[in-house]
Amino acid sequence: MQIIGFNISKIKAEHITDITQGTVLNLNIEFTDAEKQKVDFIKEGEILKLSFKFEITYSTKEGKQETQNAFIIFEGYLMVSDTQEGIKEVLKNYKKKDLSSKIRAFLSNHILKKCSVKAYD
């Protein structure tokens, strides 16, 4: 499996309150869609477009109450090249909301690398 494309289509951020000591950082990556794509320059194998939503939240917890201090949300997609069997397996597992941990880690690491730079810019 090889990543051949990456695009961020939407960035939303809001600073609600000051970030203080004890602020917790939470990261969440969700794959929202998966579909086959046709690309002229790839003769062998197939292309898969995986849409994602990556959310970073900063929150403070006082007792049982949690207050959100800030958030950043990225939406976009990855273009992945693989064999016909590999793409078919990923699509089958995606429909069951069960991407393998190896594939999820591979894709999530790429998303983290690309979006973290933008988040702290």
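Me: Thanks! What kind of model is this?
Reply: It is a predicted model, where local features need pLDDT of at least 70, side-chain atom pairs count only at pLDDT 80 or more, and totals for chains, interfaces and linings use all residues. Residues are numbered from 1 along each chain as its sequence is written, and side-chain values use heavy atoms, with hydrogens and water left out.

Me: Back to Lys97, where is it found?
Reply: Lys97 sits in the loop between helix 1 (84–95) and helix 2. Helices here are DSSP runs of H or I with at least four residues, strands are runs of E with at least two, and both are numbered from the N terminus. Lys97 also has a positive phi, near 55°, though it is a residue other than glycine.

Me: And Ser101, is that one buried or exposed?
Reply: Ser101 counts as exposed because its relative accessibility is 63%. Ser101 belongs to helix 2 (residues 101–119).

Me: New topic: which pattern does the protein follow along the sequence?
Reply: The pattern is β-β-β-β-α-α. The radius of gyration is 17 Å, well over the 14 Å that the globule rule gives for 121 residues, so the protein is more spread out than a compact globule. That radius is taken over C-alpha atoms, and the rule is 2.2 Å times the number of residues to the power 0.38.

Me: What size of box do the C-alpha atoms fill?
Reply: Roughly 55 × 30 × 15 Å, taken along the principal axes.

Me: How much of the protein counts as buried?
Reply: Of the 121 residues, 36% count as buried. Glu46 is buried, as its relative accessible area is 18%.

Me: Where does Glu46 lie?
Reply: Glu46 is in strand 3 (residues 46–62).

Me: Which residues is Glu46 in contact with?
Reply: Leaving aside neighbours within four places in sequence, Glu46 is in contact (heavy atoms within 4.5 Å) with Lys36, Val80, Ser81, Asp82, Gln84 and Ile87. The side chains of Glu46 and Lys36 are also joined by a polar contact of 3.3 Å. A polar contact is a pair of N or O atoms within 3.5 Å; within protein, one must be able to donate a hydrogen and the other to accept it, and residues adjacent in sequence count only if both atoms are side-chain atoms.

Definitions and conventions. Buried < 20%, exposed > 50% of the residue type's maximum accessible area, 1.4 Å probe, protein only.
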